[in-house]
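Please look through the sequence and the model below before reading on.

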Amino acid sequence: VALQSLQMGDNRLRALPADLPRMTGLRGLWLYGNRFEEFPPALLRMGRLHILDLDRNRLGGFPDLHPLRALRVFSYDHNPVTGPPRVADTVFLVGEGAVERMAERDEPIPRPPPRRPVPAFEDEEEEDLLIGGGGSRVLGPSGSNLRALEAAPGLGT
């Protein structure tokens, strides 16, 4: 249970034991150079893995790897896959399409230009006409656009 790193590369493995996730201390798992044709389902229950190496297998695709929440490095190079798996943005990918995927997620999200505040009134004269005279006081720090309107005498509040 306390084992942190396990290297099982180049062993002609086709499957993994279903109880492998009981190795809760495991942080690095190297399974390169085996004969996996499908992503081993037991790996999806190993949410504490930091490093997973599945290079040089026969994998044609991947499930969504978001359940591997602690994963930081996923290597899948030299497999007949057509693209990278779906992983969290914190995962460093190594394999077909990895560079492009990581570049996409590192691009800043386009944001619309900031909107300029629209004044309620064009000028103080228009404000006085529409509100009924009186004036306004600046609220907050100087240069602030926050104003409190003061009612003209006799208009009530």
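Predicted model: local features only at pLDDT ≥ 70, side-chain atom pairs only at ≥ 80, totals over all residues.

A residue is called buried when its relative accessible area is under 20%, exposed when that area is over 50%, and partly exposed in between.

Taken as a whole, the protein chain has 157 residues, of which 32% are buried. Two helices and seven strands are found in the protein chain, and from the N terminus on these elements follow one another as β-β-β-β-β-α-α-β-β. The protein chain exposes about 10800 Å², and carbon and sulfur atoms supply 53% of that area. Among the contacts in the protein chain with a separation of 6 or more, 14% are between residues 24 or more positions apart.

Strands of a sheet pair through backbone hydrogen bonds, and the pairing may be either parallel or antiparallel. At one end of this order, strand β4, residues 73–75, runs parallel to β5 and is joined to it by three bridges; within that pairing, S75 has V94 of β5 as its bridge partner.

Because its relative accessible area is 46%, D10 counts as partly exposed. R12 lies in the loop between β1 and β2 as well, but R12 is exposed, because its relative accessible area is 62%. When neighbours within four places in sequence are left aside, R12 is in contact with G33, N34 and R35. R12 and L31, which are 19 residues apart in sequence, have C-alpha atoms 9.7 Å apart in space.

Which side chain meets that of D10 in a salt bridge? The partner is R56, and the N to O distance is 3.5 Å. This pair links distant parts of the chain, since R56 is in the loop between β3 and β4, D10 is in the loop between β1 and β2 (28–30), and the two residues are 46 residues apart. R56 counts as partly exposed because its relative accessibility is 40%.

The count of salt bridges comes to three. Another is formed by D64 and R86, whose closest N and O atoms are 3.9 Å apart. D64 lies in the loop between β3 and β4 and R86 in the loop between β4 and β5, so this pair ties together parts of the chain that are 22 residues apart in sequence. D64 itself is partly exposed, because its relative accessible area is 30%.

The side chain of H66 makes a polar contact with the side chain of D64, at 2.6 Å. Which residues does H66 contact when its neighbours within four places in sequence are left aside? They are R86, V87 and A88, and R86 is the residue that forms a salt bridge with D64. H66 and V87 are 21 residues apart in sequence, yet their C-alpha atoms are 5.2 Å apart in space. At 40% relative accessibility, H66 is partly exposed.

One further residue deserves a look in the loop between β4 and β5, where H78 lies. Phi of H78 is positive, near 60 degrees, in a residue other than glycine. H78 is exposed, because its relative accessible area is 58%.

Technical notes
Residues numbered from 1 in each chain as written. Heavy atoms only, no water. Pairing = 2+ DSSP bridges. Helix = DSSP H or I, 4+ residues; strand = E, 2+ residues; numbered from the N terminus. Buried < 20%, exposed > 50% of the residue type's maximum accessible area, 1.4 Å probe, protein only. Contact = heavy atoms within 4.5 Å. Polar contact = N/O pair within 3.5 Å; in protein donor to acceptor, adjacent residues only side chain to side chain. Areas by Shrake-Rupley, 256 points an atom, 1.4 Å probe, with all protein chains shown as cover. Salt bridge = Lys/Arg side-chain N within 4 Å of Asp/Glu carboxyl O.
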